[in-house]
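Good morning, and thank you for coming.

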Amino acid sequence: MEAFGLLLHGFAVLLTGKTLLLMMVGLVLGIFVGVLPGLGGPNGVAILLPLTFTMDPTSAIVMLSCIYWGALFGGAITSILFNIPGEAWSVATTFDGYPMAQQGRAAEALTAAFTSSFIGSLVAVLLITFLAPMISTFALKFGPPEFFAVYLLTFCSFVGLGREAKHKTVISMSLGLLLAGVGMDTVSGQLRMTFGSAELLRGINFLVAVIGLFGISEILLTMEERLALRGHAAGISLRVVLSVWKDLPKYWVTLLRSSVIGCWLGITPGGAIAASFMGYNLAKRFSKDQESFGKGRIEGVFAPETAAHASGTSALLPMLALGIPGSGTAAILLGGLMVWGLNPGPLLFVEHKDFVWGLIASMYLGNVVGLVLVLTTVPIFASILRVPFAAVAPMIVVSCAIGAYAIQNAMFDIWLMLGFGVVGYVFKKIGIPLAPFTLALVLGNRAEDAFRLSMIGSGGDMKVFWSNGLVGTITTLAILLLFWPVIDKALTSVTRMVRPAKA
Amino acid sequence: MVALATQTISSMSNTDIEIVVDDPTAPEENSPAVASTRVVDIVVSLLLLALAVTLGWDNWRTGASWDSTGPQPGYFPFYLSVILGGASLYGLGAAFVSRREATETFVTRAQLRRVLAVFVPTLLFCLATQYLGLYVASFLLIAGFMRLVGKIALWKSVLTAFVFTAVMFVTFDIVFDVIMPKGPLEAALGR
C-alpha cells in the first residue's frame, strides 16, 4: 500500500498547469511523429530530447514519455486509414483495421485501436506500479557481480531469442559495446581507441548515434519506397465510441491475453513488434471463427494493439527498477536520465522518489489524456499526411542536426550523426538489427564497470559469477539463453530419438 | 515530389474526408539492380573485420592483460574486438555461401537516385552548418530541397523554410537558450 500513497504523491507533483501543458505538447508531438512516415517513437524521443535539457528532470521525463505514448497512438491512425503501418508494431493492426476502414467502419476500428492501446498500457502501468518498487528493493542488495550477470542476461537473451541471424546480432552488440568504450577510461583515466583524435576524447555519445541510426537512416529508407497513399479520414462520433465500449466486455479474454503477452515480451527484450503479432495470432487461433480474421474483425484490432502497448509500456519496468531498458525507446529515455544527472537503477526509487512516482503517475495521466486527445482529433492528424514529404524530410534533417549538436555543443557530432545515418541505412538493409547496438551503447560503460569491479573484488577469479545462488543462477541462465537455439535443437532431436524407442 | 490532392479541411464536418497523395517520381519497379545484398554484406563484413583488427590492436597496445589492480583498460574492449572480428569472419563466410542473398537486390538504380537526392543535400547541409551556422544552413536546405527536389512553388518553399527556421531560432536560441552553431549572418545581426 506504500506504493499507493507514493503514487498519489506523484499525482500531486503532476497536477500543475505547467506539467499538464507539457503533457499535451508531448502527446501532440508524439502523435505527429507517429503519423509521419520516416519518424517513429525512438527517433521522435531522440530528436526532441534537446528541448528538455533546460527543464527540470520531472517535467522533462513527463514530456518525453508523453511523446512516446503519442507515437504509440499515432502508429494506429495510418495503419487503419491508409494501410501504412507508421511503426513496425502496427503492422498486425493493418490486417483487420484496414479492411474495416474500407467497409466504412474506420471510426469503429480507430476507437477499438485507441481503446485497446489504453487498456494495454493501463495493465502494464499497474504492473509497473506494484512490481517495480519490489524489484528495485530486491536489486538494492545487488553487488557488481550481480549487476554484470543481469547485463549479461540482457545481452545473451537478445542473441539467443532474437529472430535475426545470430552472428548479425553479435556483430551489432559487440560494435555497440566497443564504441561505448571509446574515449577516456573511467577507471584508470587512460585514453582508449581515440587514435590521437581530440574529438574522440569525449567518446561517442549514445544519443548522437541514435539520432543518426534512427532519424537520418529512416529518411533514407523512406525515400526508397513509393510514397503514394489513398484513404479516408473519419471523424469519430461519441455514438460510435459508446457502442464500441459497450461491446468491450465481450472481448475480455482477448484483451487479457494480449495484455499478458505484451507485458511479458516487454519486460524481456522481445519487444512490441513480436508482441503485436503474437497477440494477433493467438486471438485468431483461439477464435471459433478463424476465417473472418483479416476481413475486418474488430478482435483483429483489439488483439495486436493491446499487446503492442502493453509491451511498449512494460519495457519501462526493467529500466526503472534495474536500469536496463527493455526496448529501443526505453534505452533513449535512459540516455535522457543520464543527461539530467540521474543514475538509473534501483537507487532511483530511494534517492529520487519525486521523479520516479511523477513518471509513473504521468503514465496513467498521459494515457487518459492521450485517449481523449486522439479520439477527438483524428481527422486533423490524418491530414498531416497531405503535407508533402519534400517539405517534411528536410525539416526532420534539421531537427536531427539540432538534436545531435545540442547534446555536447560539438560540430563533430553532426558529422558523426551523418555517419551513423549511413551505417543505420546499410545495417537495416542487410539485416543487422539496431536494437542490440543501441542497448549495448547505452549500457556499455556500466557493464564494463560492473565487470571490472567484480574482477577487482575477486582478484581476477571468474568464479565470482557463480559465488552465490543468486548470481550463479542469473549467469547460468544467461549462458543457457545464449545457446538456446542449439539447446532447443538438441532437445527436439533427443525427444525424436526417444519417442520411436518407446513406441 | 508528392503532389497533393487539393481538398480543404472544411469538409471535416462531414466526418469523412478523402486523402489522396500521389508520388509521380516513385522509383520504377523494374529498375536494374546496382548491387546485390551479398556484395554489400561482404563489403560490410570486411569493413567490420578491419575495424575489429584496428580496435583490437589499439587495445592490445593500451594493455589488455592483468596487473596488480585488476584488468587493464584495454582488457574488456580487446576481447570485444575479438568477438566482433569472429562474428564478422563468420558473416563473411555466410555471405559467400548464401544463395538467397546473391539473388536479392540491395538497391535498384531508381531507388539509389532517390536516396542520393536526400543524402547529398543532407551532406551539403552539414557542410553549410560548419561554415554558415545552423540557421542559415537549415533555411537553405529546406527551401532548396522543396524547390529542387520536391518541385514545389518557389514562394511556398521560401516561406516554409523561413517560418520553420524562425520558429527553430525562437524556440532554441531565445526561449530554451540552447546554443546552435552560428555563422557570419548571426554575427552581423549581433546575436
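Beyond its neighbours within four places in sequence, Lys168(A) is in contact with residues of both chains: Ile430(A), Gly431(A), Ile432(A) and Pro433(A), together with Asp41(B) and Glu101(B). Please bear in mind that this is a predicted model. Lys168(A) belongs to helix 8 of chain A, which covers residues 166–180. Is this lysine, Lys168(A), buried or exposed? Its relative accessible area is 7%, and the limit for a buried residue is under 20%, so Lys168(A) counts as buried.

With one of those contacts, Asp41(B), the side chain of Lys168(A) forms a salt bridge, at 3.3 Å from N to O. Across the interface of chain B and chain A, one salt bridge is found. The interface also holds six residue pairs in polar contact, both residues being at pLDDT 80 or more. On the side of chain B that touches chain A, several elements give two or more residues, among them helix 1 (37–63), helix 2 (75–97) and strand 6 (105–108).

Let me turn to the interface as a whole. The size of an interface is often expressed as the accessible area that is lost when the parts come together. Here, the area buried between chain B and chain A is about 7,000 Å², and carbon and sulfur atoms give 76% of that area. In terms of residues, 81 from chain B are in contact with 76 from chain A.

I now come to the aromatic rings. How many aromatic pairs does a search of the whole structure find? Over all chains, there are 20. In one of these, the ring centres of Phe148(A) and Phe451(A) are 5.1 Å apart and the planes stand at 55°, so this pair is classed as tilted. Phe148(A) lies in helix 7 and Phe451(A) in helix 20 of chain A, so to speak two distant parts of the chain, 303 residues apart. Phe148(A) is buried at 11% relative accessibility, and Phe451(A) is likewise buried, at 6%.

In chain B, the rings of Phe78(B) and Tyr79(B) have centres 5.1 Å apart and planes at 85°, so they are edge-to-face. Phe78(B) is buried, at 16% relative accessible area, whereas Tyr79(B) is partly exposed, at 42%.

Finally, two charges sit over rings. The charged end of Lys429(A) lies over the ring of Phe106(B), 5.0 Å from its centre. The charged end of Arg61(B) lies over the ring of Trp57(B), at 5.1 Å from the centre.

Technical notes: Residues numbered from 1 in each chain as written. Chains lettered and ligands numbered in written order. Predicted model: local features only at pLDDT ≥ 70, side-chain atom pairs only at ≥ 80, totals over all residues. Heavy atoms only, no water. Phe/Tyr/Trp six-rings, centres within 6.5 Å; stacked < 30°, edge-to-face > 60°. Helix = DSSP H or I, 4+ residues; strand = E, 2+ residues; numbered from the N terminus. Buried < 20%, exposed > 50% of the residue type's maximum accessible area, 1.4 Å probe, protein only. Lys NZ or Arg CZ within 6 Å of the ring centre and 35° of its normal. Contact = heavy atoms within 4.5 Å. Buried area = accessible area lost by both parts, 1.4 Å probe. Salt bridge = Lys/Arg side-chain N within 4 Å of Asp/Glu carboxyl O. Polar contact = N/O pair within 3.5 Å; in protein donor to acceptor, adjacent residues only side chain to side chain.
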